[in-house]
Amino acid sequence: MVNNMEKKNLIVNAALCDARAVTEEILNSYESISVNAAILLVSAKSKELLSRYPVALNISEMLEMSEEAEINLQNGSYKISKGTIMAKPTVLIVNGSLEIEKDSEEALKTFETIIVNGSVTYPSGLQNQLPSLKVNGSTTTYPSDAICLKNKFIVDKVFILKAKEAKYFVKNKVVIADETLDISTLVKKGASFITKRAIIAEELLENAIDLFDDETDINVIPRGYRYVQGGILSDLMVSKSGNGLYVDGDLQILSESENALSKLCGIRVNGSIMITDKLKDKLLNLDAEYNDITIIKGNIIANKGMLNISKQTLMDLDDGLTIIDCGRVKLDMSITPSEIQEKLQFIGCGYIECNSEQRGVIELVSEDVGFISDKASEKSEESSEETSIDLYPKNTQVINAASYTI
């Protein structure tokens with residue numbers, strides 16, 4: 001028998017916590033249990049057990065299902081086709097996008113529940129064949145007699161040669177940018193598109209318009225402009241596509257973009273522009289259209305889970321540094337507030353760790369930042385670990401995981 005004084009507290013931080021097989025012995029071995037999760041899985045038996053013990057639940061959703069069902073957790077894109085047949089009843093959890101293809105009725109029977117945090121797309125004919133489906137996001141259906149293509153589809157000569165008298169479903173947008181394409185042949189074949197949006201070269205607009213229904217939002221690439229994907233403006237982009245650009249997506253104009261920007265006569269950006277401060281006047285002197293503009297420092301680091309910014313790195317960047325969509329950013333304690341104001345910018349970051357002197361100016365150079373902590377110091381690593389432990393009650397076991405089974 002475990003003495004109460006020796007029992008630990010358990011804290012579980014997880015996207016998915018599976019408590020279907022929890023027992024009285026496990027529950028009785030802890031002084032208390034706290035579960036912080038997006039989804040908690042329980043069985044009929046474990047649900048009753050949890051109600052009788054000191055278990056604190058901070059969850060978005062509780063799902064009751066059999067203990068025998070397997071869990072299939074997918075991050076990103078996942079597809080169910082007629083060959084996606086599970087060996088056992090399965091609970092599918094997708095954090096991202098799910099596509100369910102035609103003729104997948106037998107495969108769908110092997111799924112007990114499907115949970116999608118993101119988007120799901122499927123043909124309308126499968127509506128009555130779906131298992132229990134919960135979507136935290138968007139759901140798109142399309143006619144079952146349509147042919148499903150990529151979410152973004154660029155029409156080329158090969159497609160025109162192979163096209164049938166059929167409806168083609170494209171979830172996001174169709175691009176018809178090459179003005180040399182024989183679009184009239186595609187129309188004569190009886191092909192058509194079902195899509196939210198189309199981007200069409202002005203030279204082809206008269207013929208291409210017949211490929212879309214009235215609900216499709218049509219954007220026109222003006223004569224003399226060339227279609228390019230969003231990204232960083234570069235010499236290569238201009239040399240390949242010319243001095244008039246139609247940019248599909250967001251565009252970054254950084255310090256290294258200066259020469260390319262000077263070659264442009266006009267630009268149309270179907271999105272947002274991020275531009276370094278020293279180049280904004282050059283852009284404003286152009287024939288330019290865009291949704292919105294953000295002035296940034298001249299260099300970018302983006303989409304990093306954890307990032308440490310040293311003083312030397314910062315000093316080596318004459319045009320400063322913009323940190324975008326990074327999870328956790330830690331600043332060197334020796335970086336001064338004036339250096340932060342001159343050299344740094346934060347956009348969409350989750351957590352910034354700094355000292356108390358740095359915090360005020362970081363707030364001034366930040367946009368859409370989740371949390372700024374000024375508790376960092378020059379303490380030893382050992383002291384830092386002690387401080388971290390003090391965040392929780394003593395004798396506490398903390399589990400941080402994407403998924404965890406109690």
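## Exercises on a predicted model

Residues are numbered from 1 along each chain as its sequence is written, and side-chain values use heavy atoms, with hydrogens and water left out.

**Exercise 1.** Find which residues isoleucine 183 is in contact with, leaving aside its neighbours within four places in sequence.

*Solution.* Contact means heavy atoms within 4.5 Å. With those neighbours left aside, isoleucine 183 is in contact with Ile160, Ile176, Leu204, Asn207, Ala208 and Leu211.

**Exercise 2.** Determine the strand order of the open sheet that contains β27, and state which strands stand at its edges.

*Solution.* Strands are DSSP runs (E, at least two residues), numbered from the N terminus, and two of them pair if DSSP finds at least two bridges between them. On this basis four strands form the open sheet in the order β3-β2-β1-β27, with parallel pairing. The edges are β3 (55-64) and β27 (396-405), each of which has a single partner strand, so one side of each is left without a neighbour in the sheet. Within the sheet, nine bridges join β2 (residues 30-42) to β3, and serine 34 of the pairing stands opposite alanine 56 in β3.

**Exercise 3.** Describe the salt bridge of aspartate 18 and decide whether its two partners are buried or exposed.

*Solution.* A salt bridge is a side-chain nitrogen of Lys or Arg within 4 Å of a carboxyl oxygen of Asp or Glu. Aspartate 18 forms one with arginine 20, and the closest N and O atoms are 2.8 Å apart. Buried means under 20% relative accessible area, exposed over 50%, and partly exposed in between (1.4 Å probe, protein chains only). Aspartate 18, at 11% relative accessibility, therefore counts as buried, and arginine 20, at 7%, is also buried.

**Exercise 4.** Work out which strands are tied together by the salt bridge between arginine 268 and aspartate 287.

*Solution.* The two side chains meet at 3.1 Å, N to O. Arginine 268 lies in strand β15 (residues 266-269) and aspartate 287 in strand β17 (residues 287-289), so the pair ties together parts that are 19 residues apart in sequence. Arginine 268 is buried, with a relative accessible area of 13%, whereas aspartate 287 is partly exposed at 41%.

Conventions
Predicted model: local features only at pLDDT ≥ 70, side-chain atom pairs only at ≥ 80, totals over all residues.
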